[in-house]
Amino acid sequence: MLSPQSLSEADRRLVASWAADCAERVLPLFEAEAPDDDRPRDAIARARAYASGELDTAGEIRRRFVANRASQVVSSPAAKAAAWSAGQAAGVAHMGAHALGAAAYAAKAAELHQAGAGTAEIAWQLEHLSDPARTALRLLPALGTDPSGPLGSGLLASGVLGDNIRAIQNGLRRRPDVTALELVGGPEPVRVELHDANPEWPERYREHRQRILDALETSTVAIEHIGSTSVPGLAAKPIVDIVVAVEDITAEEDYLDPLLAAGYVLRVREPRHRMVRTPERDVHVHLYEQGAPEIDEYLLLRDHLRSDADDRALYERTKRELLGRSWDDMNDYADAKTEVILAIKARARAALSR
C-alpha cells in the first residue's frame, strides 16, 4: 500500500525526470570539489532511467543513500546540498515526495552558492515542469499536514529546505486554497425523508453528467454517480450526488464559473472541496482535485453497497432510524451516519484485500 505521501508508479515516473533536471542543474557545484566521484551523477542517471521505464523501484531507495554519502567527501554546504539533491532524485522511484526533496535541495544549493539564487532556481524549476508532472505533484499533501513520511516533521520540513518545498508546492497551484469552510446561505434546517429506489435517479445523473460536460467544454473530465441514489435497490433521500475531478481546485474560473453559468448554485467552498447544486436542491455536484482520496472513498462505499446485500440493508436501516429526528442542517444528518459508514468501508477494504 502506498504511503499517503507517495504517488502511483506512473506519476512517480512522470516527476522523476524533473527531479533529475533539478539535481543536474546544481551538480557542477559538487563536481567542482569532487570531479572523480560519480555517485551523484549515477543517481541522476538512474532517476532518468526510472522515468523512461528502464528501471523498476526495486533497490532504488538504496541508491538515494549511496548518493547522499557522497556529500561526505566535499566541504562546502552548496556542494553537499547538490549531492543530496541527486540522492533525492534517485529516491523518487521509492516515493514521489522525494521529487520535492530533490528540488528543494537544488534550490538550497543555488542559494548557498550565490545569495538570492534560491528564488530564481525555484522559478526555473516551476517553468520547466510539464503539465502532467505538475498535476501529479499536486496530489502530494501540503508540507506539514501529515506527520508521516518525508513531508511530515523532520529534515525536509525544517529550515530553508521546508521553506523551499512550501514555495514549490505553492507554485504548483494558481493560488492558495481556501483555509476554512464557507457555507453559502448558512445552515439550512431540513427533515430527511427516504424514498424508495427510483429508476429515474440514474437517468437524472446521466442528464446532469452531460450538462456538466457541456458546461466545462470537455469530454475527458472524470464524473461519477455517488451516494445512495447510485445504488440500485437502496432507499435514499431524493438527491442525486455527483463527483467531478478537476485539475486544480483553486482554479475556480475553469470549472466553477462555467457551472454557475449553467444554472448550478454554489453551496460549499472548503479546503480541497467545492459543492454546487441545482436551485431545486435535487442534484449536488461535488468537486475535488484529480486523485483526491475522497473520490476513492465515495467509490469504495458505492461499489460495496452495490454488491453486498447485508451492508446495503444495514445502511438503509440506519438511515431510517435517523428519520424521526429534526436536523438543523443536512451536514448534521451526514455526521450521524459516520460510524456505520466507517464500519461498512472497513469491510469493503477487507473484501478487496482477499
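Trainee: Leaving aside its neighbours within four places in sequence, which residues is Val15 in contact with?

Mentor: Val15 is in contact with Leu7, Val92, Ala99, Ala133, Ala136 and Leu137, where contact means heavy atoms within 4.5 Å. Before we go on, please note that this is a predicted model, in which local features need pLDDT of at least 70 and side-chain atom pairs count only at pLDDT 80 or more, while totals for chains, interfaces and linings use all residues. Residues are numbered from 1 along each chain as its sequence is written, and side-chain values use heavy atoms, with hydrogens and water left out.

Trainee: What is the mean pLDDT of the protein, and which elements have the lowest and highest values?

Mentor: The predictor's confidence in each residue, pLDDT, runs from 0 to 100, and its mean over the protein is 88, with 90% of the residues at 70 or more. Helices (H or I, at least four residues) and strands (E, at least two) are DSSP runs numbered from the N terminus.

Trainee: What makes a set of residues a nonpolar core?

Mentor: The name is given to buried Ala, Val, Leu, Ile, Met, Phe, Trp, Tyr and Cys residues that are joined through side-chain atoms within 4.5 Å. The largest such core here has 53 residues, and Val15 is one of those that touch the most other members, together with Trp18, Phe30, Ala99, Leu100, Leu137 and Ile168. Several helices each supply at least two residues of this core, including α2 (39–51) and α8 (159–171), and α1 gives the most, with 11 residues. A second, separate core of 23 residues includes Trp201, Val221, Val246 and Val285.

Trainee: Why is Ala34 called buried?

Mentor: Buried means under 20% relative accessible area, exposed means over 50%, and partly exposed lies in between (1.4 Å probe, protein chains only); Ala34 has 10%, and therefore counts as buried. This residue lies in the loop between α1 and α2, and, not counting residues up to four places away in sequence, Ala34 touches Val73 and Val74.

Trainee: Why does Arg272 count as partly exposed?

Mentor: Its relative accessibility is 39%, so Arg272 falls in the partly exposed class. Arg272 is in the loop between β4 (265–270) and β5, and has a positive phi of about 75° although it is not a glycine.

Trainee: Why is the pair of Trp84 and Tyr105 called tilted?

Mentor: Rings of Phe, Tyr and Trp (its six-membered ring) pair if their centres lie within 6.5 Å, and planes under 30 degrees apart count as stacked, over 60 as edge-to-face and the rest as tilted. The centres of Trp84 and Tyr105 are 5.5 Å apart and their planes stand at 55°, so the pair is tilted. Trp84 in helix α4 and Tyr105 in helix α5 are 21 residues apart, and the pair links distant parts of the chain.

Trainee: How do you know that Arg25 lies over the face of Trp124?

Mentor: A charge sits over a ring if NZ of Lys or CZ of Arg is within 6 Å of the ring centre and within 35 degrees of the ring normal. Arg25 lies over the face of Trp124 at 4.1 Å from the ring centre, and Arg211 lies over the face of Tyr264 at 4.4 Å.
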